[in-house]
Amino acid sequence: MGDRMTVGDAVTRTDGTAPTGPANGGWCDRCGEPAGARVHEPCRAARALEPPRYCPSCRRRMKVQVLPTGWRATCVEHGALTS
């Protein structure tokens, strides 16, 4: 169905592609900044309660739908991530 992402873990896509972006580290899915640029502990803590807001591959703002069973975030370029 979609890709799965776990808070604090690297993004893994079901199609086997790695995130692109600065040095292939990708982008923070909460603040949109380069993943390796600064400490993202506040982002990880917030992501325990919130869905992602930015695509970790291209930094685009995603369409987010909060469901009773979780969430679904969709990037127009890279598809959906689900909880």
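**Note on salt bridges, cysteines and a nonpolar core**

1. Start in helix α1. Arg-44 and Glu-41 form a salt bridge, with their closest N and O atoms 2.7 Å apart. A salt bridge here is a side-chain nitrogen of Lys or Arg within 4 Å of a carboxyl oxygen of Asp or Glu. The two residues are 3 apart in helix α1, so about one helical turn separates them. Arg-44 is partly exposed at 36% relative accessibility. Glu-41 is partly exposed too, with a relative accessible area of 46%. For these labels, buried means under 20% relative accessible area, exposed means over 50%, and partly exposed lies in between (1.4 Å probe, protein chains only).

2. A word on the basis. This is a predicted model, where local features need pLDDT of at least 70, side-chain atom pairs count only at pLDDT 80 or more, and totals for chains, interfaces and linings use all residues. Residues are numbered from 1 along each chain as its sequence is written, and side-chain values use heavy atoms, leaving out hydrogens and water. Helices (H or I, at least four residues) and strands (E, at least two) are DSSP runs, numbered from the N terminus.

3. How many salt bridges are there by this rule? The count comes to 5. One of them joins the side chains of Asp-29 and Arg-47, at 3.0 Å from N to O. Asp-29 lies in the loop between β1 (3-4) and α1, and Arg-47 in helix α1, so the pair ties together parts 18 residues apart in sequence.

4. Next, look at Glu-77 and Arg-60. They form a salt bridge, and the closest N and O atoms are 3.3 Å apart. Glu-77 sits in the loop between β3 and β4 (79-82), and Arg-60 in the loop between α1 and β2, so this pair ties together parts 17 residues apart in sequence. Glu-77 is exposed, with a relative accessible area of 52%. Arg-60 counts as partly exposed at 37%.

5. Now the cysteines. The structure holds 0 disulfides, a disulfide being a pair of cysteine sulfur atoms within 2.5 Å. For Cys-55, the nearest cysteine sulfur is that of Cys-75, 3.7 Å away. For Cys-75, the nearest is that of Cys-58, at 3.6 Å. Cys-55 is buried, with a relative accessible area of 1%. Cys-75 is buried at 3%.

6. Which residues make up the largest nonpolar core? There are 6: Cys-55, Met-62, Trp-71, Ala-73, Cys-75 and Leu-81. Strand β3 (residues 70-75) gives the largest share, 3 residues. Such a core is a set of buried Ala, Val, Leu, Ile, Met, Phe, Trp, Tyr and Cys residues joined through side-chain atoms within 4.5 Å. Leaving aside residues up to four places away in sequence, Cys-75 touches Cys-55, Cys-58, Arg-60 and Met-62. Contact means heavy atoms within 4.5 Å.

7. The charged end of Arg-61 sits over the ring of Tyr-54, 5.2 Å from its centre. The rule asks for NZ of Lys or CZ of Arg within 6 Å of the ring centre and within 35 degrees of the ring normal. Arg-59 is not a glycine, yet has a positive phi of about 75°. Arg-59 lies in the loop between α1 (41-47) and β2 (63-67). At 36% relative accessibility, Arg-59 is partly exposed.
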